[in-house]
Amino acid sequence: MKLAAKDLLRLATVGSVDDGKSTLIGRLLVDTRQLFDDQLDAVVAASEKRGVGDLDLSFVTDGLRAEREQGITIDVAYRYASTPTRKFIIADCPGHVQYTRNMATGASTADLALVVLNVAHGVKEQTRRHLCIAALLGVRTLIVAVNKMDEVNWSETAYLSVVDELSTLAHELGFASMTPIPVSALLGENVVERSSHLDWYDGPSVLQALEACTAGSWNHTTTGARLPVQWVLRQNGGGRTYAGMLSGAALHVGERVTLLPANVETTVVSLTSGSGAHQAATAGLSIDVGLADETDAGRGDLLATAPLPTLTKEFEATVCWFGEQPLRHSQRLRLKHTSKVTPVRLQEILGVVDIETLSVNAGDQLTTNDIGVVSLQTADWLVVDDYRDNRVTGSFVLIDEVTNATVAAGMMGRATFL
Amino acid sequence: MSTSLLQAPHMTNHLDLLESHAIFILREVVAECERPVLLFSGGKDSAVLLHLAAKAFAPQALPFPVMHIDTGQNFPEVIEFRDSAVARASARLIIASVQDSIDQGKVADPGPLGPRNRLQTVTLLDAITAHGFDAAFGGARRDEDKARAKERILSFRDAFGQWDPRQQRPELWQLYQGKVNPGEHLRAFPLSDWTELDIWQYIEREHMELPRIYFAHERDVVLRDGMYLAVGPFVAPRPGEVVERLTVRFRTVGDANLTGAVLSHATTLSAIVDEISLANVSERGATRGDDKFSETAMEDRKREGYF
């Protein structure tokens, strides 16, 4: 068999608890025959054992004992599907508010969000929260499964009312596109095959919509090339190359680059990836870069082409706080940005986001799962882009100095809707 | 210079992106952790992992040793491959032996033919402590099992080596952070997002060597619990079992007494890729006795500190 050249699409499910995210993913995998016979048999056996009918599709992804006992999703399950031209990485995310950190984990690398909501309930608070986080994380494309259509007798009126409500929110949050689809995940209507119950609907099924959208928008960027130096490789016979994963614009041999924060200009003389030497490399590739001039570049430095990023020790950022203790004024933490780790102090909480109204209100602390706009001060220089311009050089995490737990996701700058 | 700028950028496909991501993870863990180690079983996944590790740090030597948790119930072809692969990578090999754990009375002796799969956890955790490792690379993939599908790429283990699936660290973007306190460690899984088919397509693309038992060959087997087990030092036919000589290959490599062979005529990598593309049964379902004990066998073992 010829090795097919496939692209890679990463998606995350988004929505409130019990609206049917896991069931939809289960249905999608079963109906596209991505599950092996023994895996399907195991789901059937587990369904019978727990007395939830012949086949509880949510058990395809809810693999932990506690998840099956409680009938909820606690953490992200990653599942994989493949068509002749595309590999899908599916992050099935939990809907409960206390597992928002896990939802953010799944959505942070997603090209698109697959929103699942119950047609009878409309947009719940947790759906708003998830969409808000997805928008903050830079997801631009939504595919919306308006689920449980069978429970409202396939009513177009009910469908349109939910779509209306969601369109308004998606517009406020600045998503670039939204494809709503009426479905019944339970019955498999409009998931893979077009439904026969919905003569008023002539759009795509969920699978058709997934196949039609653009892969790799995770790397959407408006910056020049960015290569955070991860590791310095000493070459045989002397000389060094600088290894890291490229983001932003493509990088070419012969191109002028600036080493930051030292602000030294030099020229790229070689680009090598796992598959050999190249004249040019694109975002998402791990490459070693050879430079024309001797530099003292090391881990934590950045190679960049114009337009250059910003050098800063004090900046405004949007954070999702996951810590169990509240984040307060002048708190000290560790910050990891690209390959750089530095002490950081919270200077000020500039505002706390009200999920209901999307307004930013005054506040003096962020509690678990709050989204806030803050100003931070770091000990070392950081070389950053606005998150909306580059997800790699625009993102950071905050780390508890004692437990080493990751307590916040941070994005440089402020989203347009805040 | 002028001509190079006119050339189209190198086109990437899913294997390039998976390779790049794995190399990124390998470098990041080595940079953040003090004493990493790569767990190597001689199976296809750990072979790919070692291959990627060599690429990540070339032309320098691997900045960490390779460790085999040796149950003593191996296929000889796998041990042969282990030694040649480690030599090719110029890596330092540590062998942690389950037999030693048995001899020291740390685990009960299951007898010469008894299963040793679960005993490995004790040997593994002891070796991690004894060598002071703070990170262990493994070749586990999320498509293998529903508990693995839930695990982070950098997965935290407490001072008892335990995994707590309810308290995993958030893992945002590709900001893998690997700091742990003394006594704790990380498991790092650079192949998390690879499927079995990706692994085989990559092995084919890279012209990698593998243990011969992955390719179809004739072998004496007995059918036990729906699996063909290879008759040999660790599997003796039981009363009523018929020894058959069949053309088989192994889809996974584990202990000789727990790993089933599949009927196959695939003698080349491209034939294996074809076979995997059309398979109806998962690799662990087809071949692994160790996962059949209960619905959450893997989760339970992982909580205790298993691979």
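Chain B is divided into domain 1 (2-197 + 297-304) and domain 2 (210-291), the bounds coming from an automatic or database domain assignment. The model is predicted, and for this reason local features need pLDDT of at least 70 and side-chain atom pairs count only at pLDDT 80 or more, while totals for chains, interfaces and linings use all residues. Residues are numbered from 1 along each chain as its sequence is written, and chains are lettered from A and ligands numbered from 1 in the order in which they are written.

Taken over C-alpha atoms, the centres of domain 1 of chain B and domain 2 of chain B are separated by 24 Å. The contact between them takes 22 residues from domain 1 of chain B and 20 residues from domain 2 of chain B, two residues being in contact if their C-beta atoms, placed from the backbone, lie within 7 Å. On the side of domain 1 of chain B that touches domain 2 of chain B, the elements giving two or more residues are α3 (44-57), α4 (76-88), α7 (196-206) and α10 (297-304) of chain B; helices (H or I, at least four residues) and strands (E, at least two) are DSSP runs, numbered from the N terminus. The most is given by α4(B), with three residues. The residues of this side divide into nine nonpolar, seven polar and six charged, where Ala, Val, Leu, Ile, Met, Phe, Trp, Tyr, Cys and Pro count as nonpolar, Asp, Glu, Lys and Arg as charged, and the others, Gly among them, as polar.

Chain B has ten helices and ten strands. Its radius of gyration, taken over C-alpha atoms, is 20 Å, close to the 19 Å that the globule rule (2.2 Å times the number of residues to the power 0.38) gives for 307 residues, so chain B is as compact as a globular protein of that length.

Within chain B, the axes of α3(B) and α7(B) come within 11 Å and cross at roughly 50°, axes being lines fitted to C-alpha atoms, for helices over the stretch in contact, and angles running from 0 to 180 degrees between N-to-C directions. The two helices α3(B) and α7(B) are therefore oblique to each other, given that angles under 35 degrees count as roughly parallel, over 145 as roughly antiparallel, 65 to 115 as roughly perpendicular and the rest as oblique. Their crossing is left-handed, that is, the near helix is turned anticlockwise from the far one by less than a right angle. In this contact, B:Lys44, B:Asp45, B:Val48 and B:His51 of α3(B) meet B:Ile199, B:Tyr202, B:Ile203 and B:Glu206 of α7(B).

Helix α7(B) also packs with helix α8 (residues 269-277) of chain B, at an angle of about 165° and with the axes 9 Å apart, and α7(B) and α8(B) are therefore roughly antiparallel to each other. By class, the contact of α7(B) with α8(B) has seven nonpolar, three polar and two charged residues.

Chain A is divided into domain 1 (7-219), domain 2 (226-304) and domain 3 (310-412). The contact between domain 1 of chain A and domain 3 of chain A takes 14 residues from domain 1 and twelve residues from domain 3. Between the chains, the contact takes 65 residues from chain A and 57 residues from chain B.
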